[in-house]
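Trainee: Please take me through this model one feature at a time, with the cut-offs as they come up.

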Amino acid sequence: MKHILITIAAVVLVGCATSKSLNLSSISIGMDKQKVIALNGEPFRVAAIDGLEYYIYRGFDFNRLWDGNEFFEAFIRFKDGKVDAYGRLDDFD
């Protein structure tokens, strides 16, 4: 069992090391889509509602590893091709 856990941990760490992770502090209002993708990679999914486009990213928060909330989703909302709003989905009710 111990070997299985070590293997899973190694796979997760390698996966994180080879892909960009979402860094919301790198986002700013007015930023264009190309800059967002250059800084954070391709979104997990894209949605459009009422003329606004949303990039949805999935992330992993090592600081929340022990409370069961280590995975999160965040959005970046675009209006006229520029960042209009952004944040973690669990920050909004």
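Trainee: Where is the place of Leu 89?
Mentor: Numbering starts from 1 along each chain as its sequence is written, and side-chain values use heavy atoms, without hydrogens and water. Helices (H or I, at least four residues) and strands (E, at least two) are DSSP runs, numbered from the N terminus. On that basis, Leu 89 is in the segment after E4.

Trainee: Which residues does Leu 89 touch, leaving out those up to four places away in sequence?
Mentor: Leu 89 and Ala 74 are 15 residues apart in sequence, yet their C-alpha atoms are 5.1 Å apart in space. Leu 89 has 36% relative accessibility and so counts as partly exposed; buried is under 20% relative accessible area, exposed over 50%, and partly exposed in between (1.4 Å probe, protein chains only). With contact taken as heavy atoms within 4.5 Å, and residues up to four places away in sequence not counted, Leu 89 touches Glu 73, Ala 74 and Phe 75.

Trainee: In what order do the elements run from the N terminus on?
Mentor: The protein has two helices and four strands. From the N terminus on, the order is α-α-β-β-β-β.

Trainee: Over how many bridges do E3 and strand E4 pair?
Mentor: Two strands pair if DSSP finds at least two bridges between them. Strand E1 (residues 45-49) and E2 meet that in the antiparallel sense with five bridges, and E2 and E3, also antiparallel, have eight. For E3 and E4 (residues 82-88), again antiparallel, the number is six.

Trainee: Which residue in the turn between E3 and E4 has a positive phi?
Mentor: In the hairpin of E1 and E2, with two residues between the strands, Asp 50 takes a positive phi near 50°. The hairpin of E3 and E4 has two residues between them, and the one in the turn with a positive phi of about 55° is Asp 80.

Trainee: What sits over the ring of Phe 72?
Mentor: The residues touching Phe 72, beyond four places in sequence, include Leu 22, Tyr 57 and Arg 88. A charge sits over a ring if NZ of Lys or CZ of Arg is within 6 Å of the ring centre and within 35 degrees of the ring normal. Lys 33 lies over the face of Phe 78, at 5.8 Å from the ring centre. For Phe 72, at 3.9 Å from the centre, it is the charged end of Arg 88.

Trainee: Why is the pair of Tyr 54 and Phe 75 called tilted?
Mentor: The structure holds two aromatic pairs; rings of Phe, Tyr and Trp (its six-membered ring) pair if their centres lie within 6.5 Å, with planes under 30 degrees apart stacked, over 60 edge-to-face and the rest tilted. The centres of Tyr 54 and Phe 75 are 6.2 Å apart, and the pair is tilted because the planes are at 55°.

Trainee: How far apart in sequence are the parts that Tyr 54 and Phe 75 tie together?
Mentor: Tyr 54, at 17% relative accessibility, counts as buried, as does Phe 75 at 11%. Tyr 54 lies in E2 (residues 52-60) and Phe 75 in E3 (residues 71-79), so the parts are apart in sequence by 21 residues.

Trainee: Over which residues does pLDDT stay under 50?
Mentor: The protein averages a pLDDT of 79, and 71% of the residues score at least 70. Where pLDDT is low, the predicted coordinates should not be read in detail. The stretch under 50, with one contact in the model beyond four places in sequence, is residues 13-19.

Terms used:
Predicted model: local features only at pLDDT ≥ 70, side-chain atom pairs only at ≥ 80, totals over all residues. pLDDT = per-residue confidence, 0-100.
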